[in-house]
Every structure is written in C-alpha cells, then in structure tokens.
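Open the model in your viewer and keep the selection tool ready.

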Amino acid sequence: MKLYRALQSQGLGSRRGCAALVRAGAVLVNGLACADPEAEVDPDGLELSVDGTVWVYRDKAYLVMHKPEGYECSHHPRHHPSIFSLLPAPLVQRGVQCVGRLDQDTTGLLLFSDDGQFIHRMTSPKKRVGKVYRARCAEPVGAATLDALRAGVQLNDEPAPLAALECDAVDADTLRLVLAEGKYHQVRRMIAAAGNHVERLHREAVGDYSLPHDLPPGGWRWLEVRDLQQLERPWPSAKS
C-alpha cells in the first residue's frame, strides 16, 4: 500500500493533503521519517505519526463510547451537540457511524464503525444480539409491568406487539430490560405502553460486552478482537 493511501484510509486527509503532509516531513512511519508519499508500506502493524499524533493502522474502525446526556446521534443535530463532536476528526473523516442510536437523554454504551456488515449484524433483530438497558421509572415496577413487557406490548406504529428478551426488577423503581431490536425510542415507548414512564435510561451492555467501568462519560476506545466476539454473541449468551 502506498503511504499516502494508508494515511487517507485512516481519515488523515484527502489524497492531495496526505501527500503534502508527507512531503512536508510531518509523517513518521513506524517511528522513521519518510518524505515520499508513494513509498510502499505494509499495513500489518503499521504505526503512523502525523504532527506528533500516533495512529495505528486499522483496516476497519470499531469503537465504544460512554455516551453522556445531551448529545444527539446525528451528523446534523437539531437541538443538541452531535455525538461525533466527541470523536477525533480523523475517525469522523473516515466515515464511522453510530451502530444504532441512543436518544439525547439516554446514556451508556454506544458503538461506532465504518464496517457496514458489522453494523448490520449488530442491529438486525434476526441476529438476536441483546441490548441491555437499565431504566429508572416514575412509578414502582410491579409484576404486571414486568409481565406485560415479557409478553409483548403494542405500539401505535408497529404491526405486532414487541416483547423483551428478558425483563427483571432491579429495585422498587428500576428494571433491567433486554431487547433484540433498536427501534425509535423503543424502551421508553414499551414501558409507557406497559403503564409506566422512564425517568432515566442507560444502556449497560450489548451481547456479552459490558460498558467498561473505567470509561468516563464522553470517553471512547478501540474495540479489539475479543470485544467484538463478546458483542456478537446472540441471546441467550454463551454464559447461560
């Protein structure tokens, strides 16, 4: 792979811009200066440094973020800042997208990728990848609410009732809900259809992968092979 193409693939500029960076001496390849944008580089283990910032070459981008409140999962937000403003510019430039969306008031585990097949696998209900939510409700969570969510509730714009894969009470006013889908405001609407109201909503896991405890709101990190394997396990997980 030519050096300028490697840089471009990582979102580090246009073809012309990447070539100019190399010629200007702003790029190190595995710690060594290189002034030839046409130089051949091996993507395997490739480490690029641009103006002192190090980027390890990745053919596809897979990221996890601890989404904070008050951000919209859109490149063109209407009322709140874009969640993409919390990512480095090269990741946005290379085209990462949200893998499903969380509304502006929902916090927790949010995935990003530029791999279309991965996004489809993670969001398709047929793959039964569980999305695990913790919802604090306005009213006490009773057996009738849990039973309704397990059996399925009818939403106005859906042809058939939607049911949780799992639903259990955490405490008097909090429940843990697992869904295979990610429809518009689905958790909030399902709980409303069951006769309650969500006050706070947090996504704590996808598949067998839980939001890292040391990842602060607004923080992000790369996902590695083991993380991806945990994410893609269908429900019920391999632990059961």
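A disulfide here is a pair of cysteine sulfur atoms within 2.5 Å. This is a predicted model, and by that rule the count comes to zero disulfides.

**Stop 1: the cysteines.** Select Cys34 and Cys18. The closest cysteine sulfur to that of Cys34 is in Cys18, 13 Å away, so the distance is too far for a bond. Cys34 is buried, with a relative accessible area of 19%. Now select Cys73 and Cys98. Cys73 is in no disulfide, and its nearest cysteine sulfur, that of Cys98, lies 4.1 Å away. Cys73 is also buried, at a relative accessible area of 5%.

**Stop 2: the largest pocket.** Select Arg101, Leu102, Asp103, Tyr184 and His185. Of the 32 lining residues, these are the closest to the centre of the largest pocket. The space in this pocket is about 670 Å³. Next, colour α4 (116–123), β8 (131–137), α6 (186–193) and β11 (198–206). Each supplies at least two residues of the lining. Then colour the lining by class: 13 residues are nonpolar, ten polar and nine charged.

**Stop 3: helix α6.** Stay with α6, one of the elements that line the pocket. Which of its residues are buried? Select Gln186, Val187, Arg188, Met190 and Ile191: these are buried. Show their neighbours too. The buried residues of α6 pack against β8, α5 (143–151), β10 (174–179) and β11.

Definitions and conventions. Residues numbered from 1 in each chain as written. Predicted model: local features only at pLDDT ≥ 70, side-chain atom pairs only at ≥ 80, totals over all residues. Heavy atoms only, no water. Buried < 20%, exposed > 50% of the residue type's maximum accessible area, 1.4 Å probe, protein only. 1 Å grid on protein atoms, 1.4 Å probe; cavity = no way out; pocket = protein on both sides within 12 Å on 5 of 7 lines; lining within 4 Å. Points joined across faces, edges and corners; volume = space filled by probe spheres on them. Helix = DSSP H or I, 4+ residues; strand = E, 2+ residues; numbered from the N terminus. Nonpolar A, V, L, I, M, F, W, Y, C, P; charged D, E, K, R; others polar. Contact = heavy atoms within 4.5 Å.
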